[in-house]
Amino acid sequence: EAKAKARGGIVLFSDELERVALRHTIVSHDLRAAIESDAFQMAFQPIVDLRTGALSGFEALARWRHPELGSVPPDVFIPMAEKSGLIAPLSALLLRRAARAARDWPSHLTLSFNLSAAQTDQPGTALAILSIIEDCGLPPSRLEIELTETAVLADLAIATRTISGLATAGIHISLDDFGAGYSSFGQLCDLALDKVKIDKSFVDRIVTERRAASIVGAIIGMCDGLNMQCVAEGIETQAQFDKLRALGCHKGQGYLISPPLPEEELIGFIARAERKVA
Ligand code: C2E
Ligand code: MG
Ligand code: MG
Ligand code: MG
C-alpha cells in the first residue's frame, strides 16, 4: 500500500485523494437529502431589452445552501447531480419552483430555465417539462429552455427530438454560452432555436478588443438573418452595454443591470422596472 510504504509526496497525495473522495460522497449524499427536503432556492436574474431598457424576463439560477459547506455553486452541484443520477429529480424540483414564481409575474415576462446536458439527450425530457409547467399553470409560451452546445452535441438525434418536442409545444429554446465551446453553425441551421446567448467571455473583451467586437457583430448579424434573438450575458460595465447596443444586440443581462435576485425581491424589482418604462 502506498500509504504504508511511502512517506511525503505520495502519502500526501493519497490522503488528499481520500479527502476529495470522502467530500464527494458526503456532498452527493447531502445532495440526495437536500432534494428530499427541498433545500434549494432559485435566484432570478433580470434580462432586459437593450434598446428600450424594458424588462423582458428572468433567468432562474439554482442556489444550494449546504448546512456545513455554506453556499455551493451550481457549477459544482449540477455536475455532481448528473454523475450521481440525481439530475432528473433535482431539475424537476427546480423547474417547479421557478415556474411557480413565474406564474405570478406580469404575463409578458418570460422565465429562462437551464437544462442540464445530461437531460437534453434523455427521451422523455420534453414531456416531463411540459407536465411540470402545466401543473404549475405556466403557459409554454412564457418558458424558455436554455441548452448548452455540449448538450446538443452529445446525442444530436435525441437532442433534436427533445428540442422539437419543446418547440412544438410552444416553448422557446435558446443556445446558452454560444461561442465558448464547440459551437457549430450547422446546429443553428438544423435546430429549432429561438435565441442565442453570447458567452460572457466575448462580452468581457468587446470594448478592449476589436476582434472580439467583430465576432459579436457577426453573431448578431447571423441571428438577424436567421430570425433569432441575441442575448448577451455577463454585462458588467456601461461601455459593454453601449457597445452591444450599438452592434444591434437585442437583449442582455449582467451585474450592471442586476445580479441574480432572491425570489422575494422580484415583485419590487418588477414594479420599479415597469415604472421606469412607463
Ligand atoms: P449560465 O446559464 O451561463 O448562467 C450565467 C452565470 O453567470 C450565472 O452563474 C450568473 O450568476 C452569472 N452572471 C450573471 N451576470 C454576471 C456578470 O455580470 N458577471 C459575472 N461574473 N457573472 C455573471 P451561476 O448562477 O453561478 O450559474 C452557473 C451555471 O450553472 C449556469 O451558467 C448554468 O449553466 C448552471 N446552472 C445554474 N442554475 C441551473 C439550473 O437550475 N439547472 C441547470 N441544469 N444548470 C444550472
Ligand atoms: Mg443560462
Ligand atoms: Mg450562459
Ligand atoms: Mg455559463
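This is a predicted model: local features need pLDDT of at least 70, side-chain atom pairs count only at pLDDT 80 or more; totals for chains, interfaces and linings use all residues.
Close-up 1. Donors here are N, O and S atoms within 2.8 Å of the metal (3.2 Å for Na, K and Ca), and sites may look incomplete because water is not among the atoms. Asp 176 belongs to strand β6, while Glu 233 sits in the loop between β8 (229–232) and α12 (238–247), so the pair ties together parts that are 57 residues apart in sequence. Helices (H or I, at least four residues) and strands (E, at least two) are DSSP runs, numbered from the N terminus.

**Close-up 2. The site of the magnesium ion (ligand 2).** Here the coordinating atoms come from Glu 59 (OE), Asn 114 (OD1), Glu 146 (OE) and Asp 176 (OD), at 2.0 to 2.2 Å. The donor residues are spaced E-x54-N-x31-E-x29-D in sequence. Distant parts of the chain are linked by a pair of them: Glu 59 in strand β2 and Asn 114 in strand β4 (residues 110–114), 55 residues apart.

**Close-up 3. Polar contacts of ligand 1.** A polar contact is a pair of N or O atoms within 3.5 Å; within protein, one must be able to donate a hydrogen and the other to accept it, and residues adjacent in sequence count only if both atoms are side-chain atoms. A nitrogen atom of ligand 1 is 3.0 Å from a polar side-chain atom of Gln 45. The side chain of Asp 75 has an N or O atom 3.3 Å from an oxygen atom of the ligand. Ser 116 takes part through a backbone N or O atom, 3.3 Å from a ligand nitrogen.

**Close-up 4. The shell around ligand 1.** Surrounding ligand 1 are 24 residues, each with a heavy atom within 4 Å of it. Among the closest are Arg 63, Asn 114 and Tyr 255. β2 gives the most to this shell, with four residues.

**How to read these views.** Residues are numbered from 1 along each chain as written, with chains lettered from A and ligands numbered from 1 in written order. Local features need pLDDT of at least 70, side-chain atom pairs count only at pLDDT 80 or more, and totals for chains, interfaces and linings use all residues, while side-chain values use heavy atoms, leaving out hydrogens and water.
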